[in-house]
Each structure stands twice: as C-alpha cells, then as structure tokens.
Amino acid sequence: MCILFTTMDYTFNAIEAKWRQLWQERKTYQVTEDSSKPKFYVLDMFPYPSGAGLHVGHPLGYIASDIFARYKRLKGFNVLHPMGYDSFGLPAEQYAIQTGQHPAITTKENIARYREQLDLMGFSFDWDREVRTSDPSYYKWTQWIFKQLFNAYYDLSTNKAEPIAKLIAFFEKDGNQSVNAVCDQEEVFSASTWASFSAAEKEAVLQQYRMAYLAESWVNWCPALGTVLANDEIVNGVSERGGHPVEQKRMMQWSMRIKAYAERLLEGLDRIDWTDALKEQQRNWIGKSKGASVHFAVKDTELQIEVFTTRPDTIFGVSFMVLAPEHPFVAQICTADQQDEIAAYQQQAALKTERDRQADVKNISGAFTGAYALHPFTGKEIPIWIGDYVLASYGTGAVMAVPCGDQRDYDFAKHFGLPIPAIFADKDISEMAYAEKDAFIANSDFLNGLDYKAAMEKAIAAIETKGIGKGKTNYRLRDAVFSRQRYWGEPFPVYYQDGLPQLVDDALLPVTLPDVDAYLPTEDGEPPLARAAKEAWSCQLGERMEYNTMPGWAGSSWYFLRYMDPHNQETFADPEKLAYWNQVDLYIGGSEHATGHLLYARFWTKALYDLGFLPFDEPFAKLINQGMILGKSAIAYIGPDQKMYSLDMLPADKEGFREVRILIDLLNDDETIQLDALKSWQPQYAQQEFVCNADGKVLVKREVDKMSKRWYNVVTPDDLCEKYGADTLRMYEMFLGPLEQSKPWDTKGITGVHGFLKKYWRLFHLNGQFEVSDAAPSPVALKTLHKTIKKLTDDLERFSFNTGVSSFMICVNELTEQKCNNRHILEQLTILMAPYAPHICEEIWSQLQPSSSSIFTATYPAFDASFLTESTFDYPVSFNGKMRYKATLELSLSIDEVQAHVLDKPETQKWLEGKTPKKVIVVHGKIVNIVL
RNA sequence: GCGGAUGUGGUGAAAUUGGUAGACACGCCAGACUUAGGAUCUGGUGCCGAGAGGUGUGCGGGUUCGAGUCCCUCCAUCCGCACCA
C-alpha cells in the first residue's frame, strides 16, 4: 500500500519530534536573570522518580503550569520554569534491600525514564537548572542548611531565629534568667553556673534551644523497616510501605523546632494567595488553642501534675484526672494494690500506635492508679486514672476530666462509674456531655452565674493569683522528628566527640553517602550507615559519624531556592539571584502535601529569612492544588464454581462471588474482556472458564479508583502521545474539567480534541497546501478573534484551562465557517494557542514567519474591544421569570424605550393573555422580565 | 466525631457580579460522500408530550421581578484530620 503524504496532513509525530529537537538545540527555554523584564516564577512540585513511570495523572499540573509559563513569556515576563527530582526515598531503598542494587543506580534509571516521558510532552522547562535532591552537589547545601538550624535558636524578644552564639554570649554574661527564647525546659542558671558547666553540660543545655536538636522522643518504631515513621506514614496501624507492624518506642532523635514558628506559620497564611481549604488544613494542623495550664498536687507527695485545658471555666466540674499510660508520674504514684493492673494496661497500650488509640472511639479503656490529686480550689480528692485516649505527645500528657463538658471524659466517667458533677445551669447532662459554650456556670463557687467568656477570664485570674498555673496558648503542632534509620537519604553533617554532636566543617561538605554491604539496619538496631567501613566515608571525624539520615522532606524544603542558582559552588544560591527571582509566583501541585512539604518549606524559608539568607519569608505567593486523575478499574466476578461471570449473567444473590480487577488494556471498547488476552495475562487465568452473556461476551463493571499499578487501571501518556500527539494530550488533559477537581480518566473523548487540532491545521491548508491571505481581515473574523483573545486571557488569569480549550474550538469552528485564511487573524490565533499546543503552533509559525526562531519570541495579541461593539441586542423576554421569546432591539434605546417596544410586540400580547402587567423589569443589554 | 469540598443530560462539563440553564466536547440517532475509513462533512439530541406546551441544576423550604448561583433544614458522595483536652 502506498501512503501519500501531502502538506495537507497534520503529521503530528514528525512535527513534534522536529520541534523537540530544535528547542533543545536552540536552548529556547533557557533563562537568565534580566533586570529589564519583570520576572515570573512558575513552579511544579517535583516528582519522586518511581519505577512505575508517569501515568496520565502526573502531567496534569505540569501541563497547566507549562501553559501558564508560556503565556507569561509571551506577555513579556522573564519566566523561571524549572524541573527536578525528589530522588531520595524509601522505594529505591526497598528495592535495594530486595535486589542488592544500589539505590543510586535505580534512581538514575528511573530519572532517565521520567525525563523521556516529560520530554515527550513538550514542556518548556529550563533543564540546565535541573536539581536532584540525592546529588551530592545538591545535598551539600541541605547539610549546610541543617548546620545553620543547629546553630540557631528562636528568640522570643526579637521574635525570630538568631545565631546560637548570641545565646551563648547571654549565658556567659547573665545566665539564662533574662533570656526569652523557645526552649524545652526552664532551669534557671546564672553566668557563673554556666561557666562552671562542663562541655557536655553546656551542650545539653544548648540542645534545649537549638532549632535542630537531639532529644529523646516517642516515635513510631517499625521493627521490620528498622526505622522511625512519621504519623502520616502509618496507615491502619501498619507502615504505609510494606504494611509492617509499628510500635511506640522512645529514641534519641534529631528534631526540628517547628513549634517555635507556630504563630508565624499561622500569621503568614493571611499574606499568601492559597485556597481557603488549604489554609484551613494548615490552621487545623497547627491547632492553636487558648486556655490555661494548671497544676494539680498529688496527695501525700511533692508531685504536681500539669494539665493544659481550653476550658478553665469548668474547673469545678473536674471529677477525675487521666494521664497518658506513658506519663512519667504513673510509676511513682501508682499504689501497690493497683500496680499489676496498671502495668498490664501500660503494656497493652504500648502495642497500639497513636493512630490506633485515637481511632478506636468505641472501646473505652483505662486503669485506676490508686492515687488522688487535690482540687486546687476545693481541696477535694480527685482519683487519678490512666487511659489511652490521652496522648503523651500532646499537651502535657495529662488531662483534668470534666465529664459534664467533654464527651470523651463523659464516656470515660460513665464506663467506670465516676461522678459527673453538673456545673452548667439548666443543661441536661443525663444522656451526654454539654460541650457548647453558651451555658451559665453553676455549682462553681466564685464562677457561679458567669457566662463562658467571663468565667474564663475569672478562672484564669484565680489560677494565676493562686500560683497554680497561668493562661496559655497551646498548639497541636509538634516538633518534627528529623532523623530516619534509613540508607537512602542525606547524611547528617555531624560527628560525635566525647559523645557530643559536633558539626562537620563547611570545607568538608558534602558528607557523601558511604557505600554499605547491605541496606538494612545492623543486628543491634543501628541504622544502615553504621555498616559503612571507615574508609567509605568522605570524612571521618571524632569517635564516629552520625548514622541517621535526613527525612524525605529535607531536600524538598528548599529545592525551589536552588533552581535560582543551581550550579553555585560557593553558596546555596547567590543573594542577587534570590532577590531577582524572589518568591514563587505560582506553585501547582497536589493537596496531599498540605501539612507536610508545604508546612516544612514555609518553616525553612522563615528560618533562612530570619538568619539573613533570604529576602522573603513566604516561599509560595500563590498555590493551586490540581485534582487527582482517577482510574477506571475493570472488575470481573469469579463465582463459587471458579468461573468468570459476565456482569449481566450474575445472579441476584452474589453469595460466594468475589471481585477481581482486570488490566484495563485487556478490554474491548464495549467493556467486554478480550478472553485470549486475559488467559495469557496472568497464569491464574490460563485455564479460566467463563459464563458469557447472550452475545457470547464477558462484560465487566467499571469502578473509579485511584490510578495505580495495583488496580491495573493505569493509562500512560506515552501511548497517547504516539497515537494522537503531545499537543492533543496536553489540550485534552486541560479540556477534561477544572484543574482543581478530581476526575476519572476516560480516553474516549480525546478524539474530539484531536479533531479540533486537525481542523485548526486545515485553516492553513484549504487548497491542499499551506496558504494564507494577506488581505485586510474581515470585521466578522476580527470579531471572532478579539472575542477569543478576551475570553482566553480572562480564562488564563483565573486558571480556567478547560474553558480556554473550548474557546479555541469555538474560534476555529467560526473561522472555518467563515472560510477565513487571513494571515493576521490566523497569526494572532496561533500565538494565543501556542501555550496549549506548542508544537503545532511552532510549526505553523515557522511557515507564517520563516525568519523567526520561535513563536515564543512573539508578542501576545492585544485585545481591542472596538471590534466587539454591537448596535443591537437580542433581549430575552421573560414572563414571571420564564423566558418566552427574544426581541432584537437597538442598544441605543433607553430602558423606557425598550419597555415600550417590548410591550408593543405581538408575542408579548400573546403571553399577556389580555392581562395588564403588574411590573416590567428591564436590565439594559441583559433581560426584560414582565410580571403578571 | 470534627473540618473541608462536591452534587447540573447517557458521559466529561459550561454558565466569571443573582439575569436566556446545558456552551464546548464525548456518546448516540439520522443523512451525505463513499463502499472497509477508527476518515470527513451536514442535521438532530435534557426529560415528558404528536403538538401547543409542561417540566428540569441532590431533597424540602426561604429571600427576590428573577436563584444552578444568596440564606436555612436535610440527604448523598469524596477528601483530610482524628478521643487534640
């Protein structure tokens, strides 16, 4: 067969390959600082290069940001639009554990695959600025930032991070009495005491102040992975990766004092353009609550139990106390006869993860310590219990229980038969607690008759006067544990001398990741790096190097800064370049990072700002969350007889049937299974028997899931680029719906967008070859063009990419109808469309303007409203709000004239049915409504 | 339980400040050109109804000349957090 190519054909494969190469050769997207242009920084959340490659969901945000970056470039901005890889992480390490292959090799291969796929899509990244978090030239500066944080403390009088040297100077002069800083403990010492401290004692004190510090903390320890997991890495009580059990363990860990920034992280949200939903998520995560800390004396001891309460106004309603099972006082206060019960309960609680403990609301459990606290105002004895609904890591790990005002306390009291004193006037607490704040206080001595606000104030004042506590603001946010017992992460720039942590000198950075013989922890539970031979380290100082590595979020907390100056050997980024590129103007990425990456990056930015390394304290001025693209899984049914049933052959009672997911590539267009393909897909189906429907087919059910290899519902961009071209795929992904919305992927509709591009192509090839007219454009074509310019620009400015695509379709439909091949019109349209479909537009442009090197050097079309002016308007005429007919009237008519004309129309007479209108509403240029 | 989001044709969706509901596509139906093309073009397509017309944006109320849009109650789905004191 002979295939004839003419210039008529839209040969997208050839066109796209050609321009990919030319862009690369010409470095079309390379960008440098240029003070003559306004800058614009468009950032994507860089991907973790997993072995599975990209599916169609991944590029969604990248396409949107690429369109916006190209648009801004055409608008005359100097646009920074970089890409890189978040290349440290557990999957590569898990793979290494299984296969022995070095994670660096796996990572390199995965990156190559990602790059291939990204290149296919025609993104305008400046690849000369690529960063990889696992590259020593990058993590050198991650280590350097860690050093700055280690050498900093948070000063509450200046309300910022300050060099630790300043703190030491204070200590040497006055001790810590006049220091107002965020710290763990408040042991007061004088200058002379400080001077008398040993090096170890001094360091122990400083650790309580450092922004990056070493401290014992409760962690989720996963024995199988040999590592500590963050709360959000645990799902249903087992590790997210691997599904291993997790237990609570106290360990020496590096932490980041993010709590010091709680207030500023809240305040900063008011200055950035993020969605309210996302800001709300961060606010909830930070969890600011005002209340009081109160000390309860333990009877017959010197001990004072400190609690934090948001409801000091309910202090007379306290009828018992609950400590976390891990609370340090438990062992001391527990009476002899309760010891066995308490010990048993503690053991039981230790097996549960924090999440388990919080998730299980139904089962109320606890144990009595046998000890009593004394009520600070009434002196009454209050039994002290332990219960796993109280968490050691939140607040003080102890609560004063007010069962009448808190449902959890109420349930606990009911379950164990503890008293429930009523302290709210006229509120029924026989069935449940009364947690509203609109009741008047009763049975509460000096608080009687007061409302919530007055009682709060008076209670706090009384607590402070009595010296048993003070008003306090508490945050749910916890300091972030910063070490991992893993191999594939940044080594710390830390060694130990006399058991004390010391920083590695800048000249020796980076401390590179040493090779090890295996990627598992050592037999005695040391992290994998403990396996490294001394010579394997790039430097070897003190008694030993730090064996922990940094968590995944270390590298991603500052990568947007490195893009500004990725090759700098002297500093993490040149101050002038930081000042030029400044904040990220537009950041697009998934909302799953709301309380992780996006919070940590803000934290590091603020710390670096405080220490004078950055000219801004919020990294991302505007942020958009793209929705997730979901997959449509194919579900088949296996009966008790082990046969696979067609969906329409299932009995009403599906007893004994099980669902299996089938690779969606094995489906025909009519949602039936290609039976032979299924048999050769997986061995368990090789002999599969079927119960077919009347057409002899096996129909499947489609269900929407997350797009993932494990559901066999992945669609990759590669095949679609091959079949329809990248421009089609880019436009189709945008056409799918609003960027922020989650939506299921359905490849079927892609032909509509592909057909549109062909139709656009035909505008230039009406007579079998490229041909445009240089005549003056017609008014009707100008109207179509300027309508499109207006709509497109408005749509882009509000990130409505889907309606943008349909505007192009409308425009091309109209121009086709007008048989328009006017050069001016088509040139302007091509520039408009170039951000969405860069390859085809670049190709057309090269024919329109052969001397131009790229369409992206062109100027964005200017909108001229004069082409859209109309002299008449089709007024929709409504009766009682129902549109009945349209009246074409001159726009020059006044409201009264419009009313007169409309009332005069025979259609109006028909709908009036002889009645007189009660009222006529005329909105000029909009609508006429006649009220009967 | 708390917080957030969403609910519009067979499907994805549009309607930016309260002003013609369903743009633009997919799919489907008819037809043209043709006779193997998964091509292109034309027309139709919310639902009920022969039609006139009625009806219609999760349910039920309300405000308004006018409500997908604003307010209240409820329902459903999804996401996040989760005994946060």
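How many bridges join strand E21 (residues 586-589) to E22?

Mentor: The number is 3, and E21 and E22 run parallel. This is a predicted model, in which local features need pLDDT of at least 70, side-chain atom pairs count only at pLDDT 80 or more, and totals for chains, interfaces and linings use all residues. Residues are numbered from 1 along each chain as its sequence is written, chains are lettered from A and ligands numbered from 1 in the order in which they are written, and side-chain values use heavy atoms, with hydrogens and water left out. Strands (E, at least two residues) and helices (H or I, at least four) are DSSP runs numbered from the N terminus, and two strands pair if DSSP finds at least two bridges between them.

Within this pairing, Tyr587 stands opposite Leu623 in E22. The two strands belong to an open sheet of 4 strands, ordered E2-E1-E21-E22, with parallel pairing. Strand E2 (78-80) and strand E22 (623-625) stand at the edges with a single partner strand each, so one side of each has no neighbour in the sheet. From one strand to the next, the twist averages 15°; angles run from 0 to 180 degrees between N-to-C directions, and axes are lines fitted to C-alpha atoms, for helices over the stretch in contact.

Strand E1 (39-44) also marks one end of the loop that holds Lys27, with helix H1 (12-26) at the other. Lys27 has a positive phi of about 50° although it is not a glycine. Most residues other than glycine have a negative phi, and most peptide bonds are trans. Lys27 is partly exposed, with a relative accessible area of 42%, where buried means under 20%, exposed over 50% and partly exposed in between (1.4 Å probe, protein chains only).

Another case of positive phi is Lys819, where phi is near 55°. Lys819 lies in the loop between H25 and helix H26 (823-833) and counts as exposed, at 66% relative accessibility. Helix H25 (residues 801-817) also holds Val805, which counts as buried at 0% relative accessibility. Beyond residues up to four places away in sequence, Val805 touches Met731, Met734, Phe735 and Tyr836, contact meaning heavy atoms within 4.5 Å. Between the C-alpha atoms of Val805 and Phe756, 49 residues apart in sequence, the separation is 9.8 Å.

A cis peptide bond, with omega near -5°, runs from Leu509 to Pro510. Pro510 is found in the loop between strand E19 (500-503) and strand E20 (544-545). Leaving aside neighbours within four places in sequence, Pro510 is in contact with Pro136, Tyr139, Lys140, Gln143 and Ser538.

Lastly, the interior may be considered. A nonpolar core is a set of buried Ala, Val, Leu, Ile, Met, Phe, Trp, Tyr and Cys residues joined through side-chain atoms within 4.5 Å. The largest such core has 194 residues, of which Phe146 and Met644 touch the most other members. Helix H2 (residues 59-74) gives this core its largest share, 9 residues. Ile305, Phe329, Ile386 and Val390 are among the members of a second, separate core of 50 residues.
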